[in-house]
Every structure is written in structure tokens, then in C-alpha cells.
Amino acid sequence: MQTWSLVSICVLLGVVVRWGVSLNSYSGAGKPPMFGDYEAQRHWQEVTYNLPVQEWYFNTTENDLNYWGLDYPPLTAYHSLICAYVAKMINPEWVELHRSRGYESPAHKLFMRATVLVADLLIYIPAVVLYCLYLTDGSSKKKVSTLFCFLLYPGLILIDYGHFQYNGVSLGFALWGVLALGLGWDALGSMAFCLALNYKQMELYHALPFFCYLLGKCIKLGPMGRGFFLLVRIASTVLVTFALCWLPFLSDPSEALQVVRRIFPVARGLFEFYIGVAAMAGLSAVSVALVPPPHLPDLFPVLVSTTAFLQFLGTFLYFNIVQFSGPPSRKTQKKNN
């Protein structure tokens, strides 16, 4: 009973801190023409509500992809559509096609902040509570302390409730996957992680541990016995989950390919980013598969850290020196005018 009282206090404190941060300003507030991620999320609600599914990821006269075009997987789009229906009932001006661009008001800010909090209360916070209580070792106080650290992690709170994002949704789905795997529900864990991937492609960072764990379990159970049937069950779960998430785009291969292009925008200058991700994944796999030389026991961790730092340094120099030091393009000048 005492443990659940402490858990309730931690959850309430986490909610209060989140809402307190959300009372402040957000990314791009009052800064036309693009505003910020707050406007991006609002614009996706506008697009998903007013346009047919087939046009969500295509550049058309009604959907200018240069203005915060949708570039997240389908589950994010469906979430935006649900929020848009609620917004339409409260105030139709919030999602009015074209006319709602850059819409800002205290009431709309309250609504947008509430959507983030509701998503956390439904997905992220329950997963954290169950994970800390059932999958962490130690005494009840240690479990509550872990829960406290989870719920008050400043990075996630500042990004989601200050800057404005929905990272708690994808992280929550991934954590539900970890929880299911820890309890032996491999198919449900696979489904939860597929939902995380279909909400944000950045969950690919966590794909390697899931893949290695499930593959290792199948091999351990026997590749021609129980392990084979487990592998088939997991593969079927993954295929069905992805098929359901992508169902509106599977009728036309060109639509599915366009979604993939938007999610992995190699042509838009993010090639180096994905090369960095591939390098990190490769180094992580090598560090698990190979044994470092005896005189260099920390070789692989140092290589991973060095690669991550070089990727950060390159991004920092590009956006703060190359991108901002050059003269403004004609397109930017027209938008400012």
C-alpha cells in the first residue's frame, strides 16, 4: 500500500512538472513564416483532416510539402487526425485548410499542450510505472526512485512540453515492448515495438536490441523446434502490424514509396545523417560480435563515442556556420516579404 502511495505521488509530481513547463512558450512562437514544431504538429492536423489519405504525403496545390510537409510514419498521421477531429469540435478555425497557418491563441495552446499530456497519460506513464514495478530489481524504495528518475527526466519533458513534440508516444510504445518481452509475451512485445517504429522512424535506434534478443531466443529454443514456431509467430505479428498501419497506402505502390521517401528523405540532404546512424549501428554490432585486443579493452566504446561526437560536431558546424553564414536564398526572401 505504501509503495502505491509513493507511485501515485511520483506520477502526480511528473504530471505537475510537465504541465508547469507547458505553461511557458514553445518552439517558433510568433516567428513567421515557418514558426516551429508547434506549427508543424498543428499543420499536420490541418492536412490529415481536410485532405484524403492519398494526398497526405504528396506535394499538391492543397498540400505544400515545403511548409512542414508530413515526414513521419503513418501512425503519427493517424494521431494527428484524431487530434484534428477534437480540435474541429472545439474550434473549426484551428484546422481550417490554408487559413489556419500560423494560428496562435491561448486556447489553442492549451489544447495542443493537453494533447501531449493525454498521450503521455495513456501510453508513456503507464508503461514506465509497470516497467519500474515489475522489471527492475531491488527494494520498493529503489523501484520508486527509478520511477521518479524516469518521470522527471528533464530532456524528454523539455522537448515534449517546452519545445513541442510527442516523443513520449514512441518511447512509450517501445517501453511497452520491453515490458512485454520481459514478461515473456514476445508477440505482444514485437507488436508494441512495431507501433513505436510506425510512429517515429527514430525508434530504429532501438531496433537492434529487439532484433538480437528475439533472434537469440529463437535460436536458443532450437531453430527446428519451438524456436522456429516462435520465429514464425513473431514474423507474422510484425507483418500484420505493419500491414495494418500502412493499409491505406498499400493499394498503390507509388503511394507507399512516397511515404518511404518522406520518412527517409535521402534526396533532401539527410543522407549524412542516416550514414551516421548506420555507422553507429555497425559499430555497436561489431562491439558485440568481436573481442577487442587485450591491450585496447575499451577500443569499441571509444570508437562509438568518437563517431557520435564527430556526427554531432558535423551537424553543429553545418547548421551554425555553413547554413547561417551564407546569404539568404531568393525563396527565403520571398517568404519573408
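Helices (H or I, at least four residues) and strands (E, at least two) are taken here as DSSP runs, numbered from the N terminus. By this reading, the protein chain holds 13 helices and zero strands. The model is a predicted one, in which local features need pLDDT of at least 70 and side-chain atom pairs count only at pLDDT 80 or more, while totals for chains, interfaces and linings use all residues. Residues are numbered from 1 along each chain as its sequence is written, and side-chain values use heavy atoms, with hydrogens and water left out.

Of the 337 residues in the protein chain, 39% are buried (under 20% relative accessible area, with a 1.4 Å probe and protein chains only). Where contacts (heavy atoms within 4.5 Å) link residues at least 6 apart in sequence, 72% join residues at least 24 apart.

Arg262 sits in helix α10, which spans residues 253-263. Arg262 is buried but has no salt bridge (a side-chain nitrogen of Lys or Arg within 4 Å of a carboxyl oxygen of Asp or Glu). Asp71, the nearest side chain of opposite charge, is 4.7 Å away. A polar atom of the Arg262 side chain does lie 3.2 Å from the backbone oxygen of Gly69.

Turning to the cysteines, the whole structure contains zero disulfides (pairs of cysteine sulfur atoms within 2.5 Å). Cys132 is buried at 0% relative accessibility, and its sulfur is too far for a bond because the closest cysteine sulfur, in Cys149, is 8.9 Å away. Cys245 is also buried, with a relative accessible area of 5%; its closest cysteine sulfur, in Cys194, is 7.9 Å away, again too far for a bond.

Conventions:
Buried < 20%, exposed > 50% of the residue type's maximum accessible area, 1.4 Å probe, protein only. Lys, Arg positive; Asp, Glu negative; His and termini not counted. Polar contact = N/O pair within 3.5 Å; in protein donor to acceptor, adjacent residues only side chain to side chain.
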